[in-house]
Amino acid sequence: TALTCVLRCFPCEPTWAGSPFPHRPPTPPMVAMTRSKTFQAYLPTCHRTYSCIHCRAHLANHDELISKSFQGSQGRAYLFNSVVNVGCGPAEERVLLTGLHAVADIYCENCKTTLGWKYEHAFESSQKYKEGKFIIELAHMIKDNGWD
């Protein structure tokens, strides 16, 4: 049958030496590759920075720190004005210690670890200053560069 002919002409595991396809070169041997760390943004090494404790991707410059007195789901957390190398999930309403907020979980773009959240909307007027700001839990970050 036609199918038998096709299967005979195109074996599942061809060997190229002596095969009906002499124009195809042999497959090169596998080379062990190491994955280098590539981040979307690198913060200046002359500034004190915070990095992901899991993969060391830069997360925030110390100059962007607003407050050290926040509470995350896994303990203490810092509030930052801006961050880098993070992705943002969908916003959802949560009742936090300071009331109802619309927040979106943030995660490290490099290792995909959930780091904290972004305040999208605060429903109480006293909490409006948090909108657009980021919480990163201390359990997920490490101090880098110039902290000596």
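The largest nonpolar core of this predicted model holds 17 residues, of which Cys 52, Leu 59, Phe 80, Val 83, Leu 115, Ile 136 and Met 141 touch the most other members. A nonpolar core is here a set of buried Ala, Val, Leu, Ile, Met, Phe, Trp, Tyr and Cys residues joined through side-chain atoms within 4.5 Å; buried means under 20% relative accessible area, exposed over 50%, and partly exposed in between, with a 1.4 Å probe and protein chains only. Two or more residues of this core come from each of the strands E1 (49-52), E2 (58-61), E4 (75-80), E6 (99-108) and E8 (134-137). A second, separate core has seven residues, among them Phe 70, Val 103, Trp 117 and Ile 135.

Local features need a pLDDT of at least 70 and side-chain atom pairs count only at pLDDT 80 or more, whereas totals for chains, interfaces and linings use all residues. Residues are numbered from 1 along each chain as its sequence is written, and side-chain values use heavy atoms, with hydrogens and water left out.

The chain contains one helix and nine strands, in the order α-β-β-β-β-β-β-β-β-β from the N terminus. Helices (H or I, at least four residues) and strands (E, at least two) are DSSP runs, numbered from the N terminus. Of the 148 residues in the chain, 34% are buried. Among contacts (heavy atoms within 4.5 Å) with a separation of 6 or more, 45% join residues 24 or more positions apart.

| Residue | Contacts (heavy atoms within 4.5 Å) |
|---|---|
| Ile 136 | Leu 59, Ala 77, Tyr 78, Phe 80, Val 83, Ile 106, Leu 115, Met 141 |
| Gln 127 | Thr 98, His 101, Ala 122 |
| Thr 98 | Glu 124, Gln 127, Lys 130 |

Gln 127 is found in the loop between E7 and E8, and Thr 98 lies in the loop between strand E5 (86-96) and E6. Gln 127 counts as buried because its relative accessibility is 11%; Thr 98, at 32%, counts as partly exposed. Although 29 residues apart along the chain, the two have C-alpha atoms separated by 7.7 Å.

Thr 98 also belongs to the lining of the largest pocket, together with Phe 70, Gln 71, Gly 72, Leu 96, Leu 97, Trp 117, Tyr 119 and Lys 130. Strand E3 (65-72) and strand E7 (114-122) are the elements that give two or more residues to this lining, and E3 provides the largest share, three residues. By class, five lining residues are nonpolar, three polar and one charged. On a 1 Å grid over the protein atoms alone, a pocket is an open set of points where a 1.4 Å probe fits, with protein on both sides within 12 Å along at least five of seven lines; lining residues have an atom within 4 Å of a point.

Confidence is given by pLDDT, the predictor's confidence in each residue, from 0 to 100. The chain averages 80, and 67% of the residues score at least 70. Confidence is lowest in helix H1 (residues 2-9), at a mean of 45, and highest in E8, at 97. Over residues 1-17 the pLDDT is below 50, and this stretch has eight contacts in the model beyond near neighbours in sequence. Residues 27-36 are also below 50, with two such contacts.

Key
Nonpolar A, V, L, I, M, F, W, Y, C, P; charged D, E, K, R; others polar. Lists of a residue's contacts leave out its neighbours within four places in sequence.
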